[in-house]
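Student: I am new to this structure, and I would like to understand how its parts get their descriptions. Could we look at it together?

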Amino acid sequence: MTLLEAPARESTGGGLASAARNRLQQLLAFASLIVICGFFSVASRYFFTYGNFTAILFSTVVIGTLAIGTTFVIISGGIDLSIGTGMALCAVMSGVFLVDLGLPLALGVPAAILFGGLIGLVNGINVSVFKIPPFIATLAMMLVAGGLALVLSDSAPIYFTDVEGYVELSTGSLLPGVEFPNAVLVLLGAALVAGVLLTKTVLGRYTYSMGSNEEATALSGINVRKWKIAIYAFAGLFIGLAGVMISARLGSAQPATGMGYELQAIAAVVIGGTSLSGGKGSIVGTLIGALIISVLNNGLQIMSIPQEWQNVILGCVILVAVYADMLRKKET
Amino acid sequence: MEPLLEVEGVSKSFPGVRALSDMRLDLRHGEVLALVGENGAGKSTLMKLLSGIHSADAGRFRLEGRPLEVTGPAEALELGISIIHQEFNLMPHLTVAQNIFIGREPRRWRLLLDERALNAKAAELIERLGLPLDPGAVVGDLTVANQQMVEIAKALSYDAKVLIMDEPTAALNDVEVATLHELIRRFVGTGMGVIYISHRMEEIKAIADRVTVIRDGEYAGTLDSHATTTREIISLMVGRTIAGDARPEGVRDDRPVLLEVRGLSTKSLLKDVSFDLRQGEILGFAGLMGAGRTEVARALVGADRSDGGTVTLRGTPVRIGNPADAVRHGIGYLSEDRKRFGLLLDQSVKANISLASLRERFATAGFVRDKAARARAGEYVGTLRIKTPTLEQQAKNLSGGNQQKVVVAKWLVKDCDVLIFDEPTRGIDVGAKEEIYQLLNELAGQGKSIIMISSELPEILRMSHRVVVMSEGRVTRVLESDEATQESIMHFATLRPDENPEDAAELGIDAGPAGSASPEQARKAGRS
């Protein structure tokens, strides 16, 4: 019995240590966010204002929504490159439903979101049934969705001027008495739902499980194929939601935009501490990651640093974030 | 009494290969049945049939007298057949409890996970089995031995009637193996049986009641493990008798010293490691897991940083800062993990053999001279008797023994004089082991100096001209061939000078206050 008892303390220590480590990771991302905010507050007196903060949150909505969905896919060990142009296609579909077909808002918006789920479903089937590597399957979908967005809209923007209440979905303010855009509420709501699903439900558990060791998950009797499709389809709903939010913000569906958003979203996920090799990550982390990107863009803009340099800096931030994560892993 | 599990006349073919033909076995209630056979004998095919990954072409399975038909992993688990696969099948990012009950999580309102109930269930199971596990610990942070315990807990949580363990001790040290065996004896009882697949004969004798031998996909016989000798089992496995009392060849004490290592130390583990390697000698490195044998090799070839110590090669001090330096000095390191560090699995035999020497030998102005590479590779395939249909065969399609030979050939082409073999026969079946031993003896006979790190004492005793014994990062003794016995090696391998003043006195070391940190380090080193 002594043999069996001896290592018990060690494993307990391991459990505590790893829990602390996960918390530390989120703390670190959050601390970086605070540091960056602090820096800009000192560097520019226009930064630390209520108006600017809501502006930052507002500008986080689209990338944040996309990133939340992608977090599921990436934790499960996959990748989704089709979210950018997929979002443009969903924006166009929203136009088709609401403007061309004249569906009421309560029908057209859910339809556009579900269309995003359809994009994800196709991705999921390609990845899990036809065994096409996620990078390739979603790269193909990126091209297909980008092309379809142009075809369905005749390459012209669709304006929502006559759709009552559409723009308010994004820019209106439901909260009484304060200037707080609805879009931010949508993002927070989406994050809450996603966070609960990821941490408290079977779908979330299998997402981690597959990303951690897919074969083991399958051998445990879990229908990996089915759940993988579910994850991509679920992530697709966020493509649809992002499509609605971006077109509501602009008041129009812009079929040619979208390309490039996927990389920003993936960057947010990675900065937030989600591992590209799967098995680990969180919605809170992703939100912080998306905020870091927004704050950087916003702060650098306020400091009148040209757009080109903003990308350079963002690239460096990604490298630093991932490298810091690797250093932490090495220590343990 | 009716057997628990019966396998009868089972055959299975894959395109071009007959994996099993007319295989049978029976597992009784409450017994541990060892299943042994060389690599490729059909053990894993049989396991895949039982777990429903493949289905049999012919034959029948019966569980508790009832016909058994398994259609997939989930069904196998439901029917009471649990398999612990050789490669760990755990999710390293999830906790112990989450791993054990994956796919069967307690829920509220169908969708929501009930984490508290999950942890309670796991704690109850762990307590019932008497395992040293914390349900909330993340599996990736556990030692290999404790991960194995998680696998067992998971397998048993399905109310397994038949538990199949495929090489459960491949990565465990002796103490951990003993713990595992104690655990197995505790849970095996009526209505349950264990099929225990292993290569290690001592273990089979220690844990199994009977041994079923499979050879070339066919049933070769079943023996009572207590009334049989290891040699009988092995000869049944390979279909021939193997000389079990072979001794080291060419032991001489007048060989000139080729490599002198003095005071080699690392921050994490090694303390003042000194030894000589003589020309044409096979120098065995023995010790328990975590003793620092692999670390010596890695520090020596510059793969890890050393904190102090000198290396003298042919009388000249040399500085080895990285593995490329080591190779330049003619020191080749053959990792214990061939598949990860030794081979390009998707590349051809030829490409693997020529890889290390590509620039110096097989290239002109950056262009590869394929003909030269092919000729040289062909030569070594001949002299080392590498069994491969062509030089273009992918390395992954060779057997373990032949893969090892390909790695050897790579270093021979490179003209290495010092070859460091880390666990040269790990994962290689008994028949092919002999060939590797013969190869090592031949290489030494040609004047190559060999360091052989091995966890298998019989292998150390059979091959080593001298044995360096290590414990806790120190060399505790260098034994001459005639002094080396299982007992003497184990004695010096278990000295713990850092904890035990008597051991320190025996070794003539001052027991310092820093001692308490060292078992921790040893464990870390064993894990990495």
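Tutor: Gladly; keep in mind that this is a predicted model. The contact between the chains takes 29 residues from chain A and 31 residues from chain B.

Student: Which helix gives the most to the side of chain A that touches chain B?

Tutor: That is H2(A), with 7 residues. The residues on this side of chain A divide into 11 nonpolar, 13 polar and 5 charged.

Student: What makes H3(A) roughly parallel to H8(A)?

Tutor: Helix H3 (residues 50–75) and helix H8 (residues 182–200) of chain A pack at an angle of about 20°, with their axes 9 Å apart. Angles under 35 degrees count as roughly parallel, so H3(A) is roughly parallel to H8(A). H3(A) passes H8(A) in a left-handed crossing.

Student: Which residues make that contact?

Tutor: Among them are Leu57(A) and Phe58(A) of H3(A), and Ala183(A) and Val184(A) of H8(A). The residues of this contact divide into 13 nonpolar, 3 polar and no charged.

Student: How do you know that E15 and E22 of chain B pair?

Tutor: Pairing needs at least two bridges. Strand E15 (residues 282–287) and strand E22 (residues 449–453) of chain B have 4 bridges, in the parallel sense, so they count as a pair. Ile282(B) stands opposite Ile450(B) in E22(B).

Student: Why do E18 and E24 of chain B stand at the edges?

Tutor: The open sheet of 6 strands in chain B has the order E18-E21-E22-E15-E23-E24. E18 and E24 each have a single partner strand, so one side of each is left without a neighbour in the sheet.

How values were computed. Residues are numbered from 1 along each chain as its sequence is written. Chains are lettered from A and ligands numbered from 1 in the order in which they are written. This is a predicted model: local features need pLDDT of at least 70, side-chain atom pairs count only at pLDDT 80 or more; totals for chains, interfaces and linings use all residues. Two residues are in contact if their C-beta atoms, placed from the backbone, lie within 7 Å. Helices (H or I, at least four residues) and strands (E, at least two) are DSSP runs, numbered from the N terminus. Ala, Val, Leu, Ile, Met, Phe, Trp, Tyr, Cys and Pro count as nonpolar, Asp, Glu, Lys and Arg as charged, and the others, Gly among them, as polar. Axes are lines fitted to C-alpha atoms, for helices over the stretch in contact, and angles run from 0 to 180 degrees between N-to-C directions. Angles under 35 degrees count as roughly parallel, over 145 as roughly antiparallel, 65 to 115 as roughly perpendicular and the rest as oblique. A crossing is left-handed if the near helix is turned anticlockwise from the far one by less than a right angle, and right-handed if clockwise.
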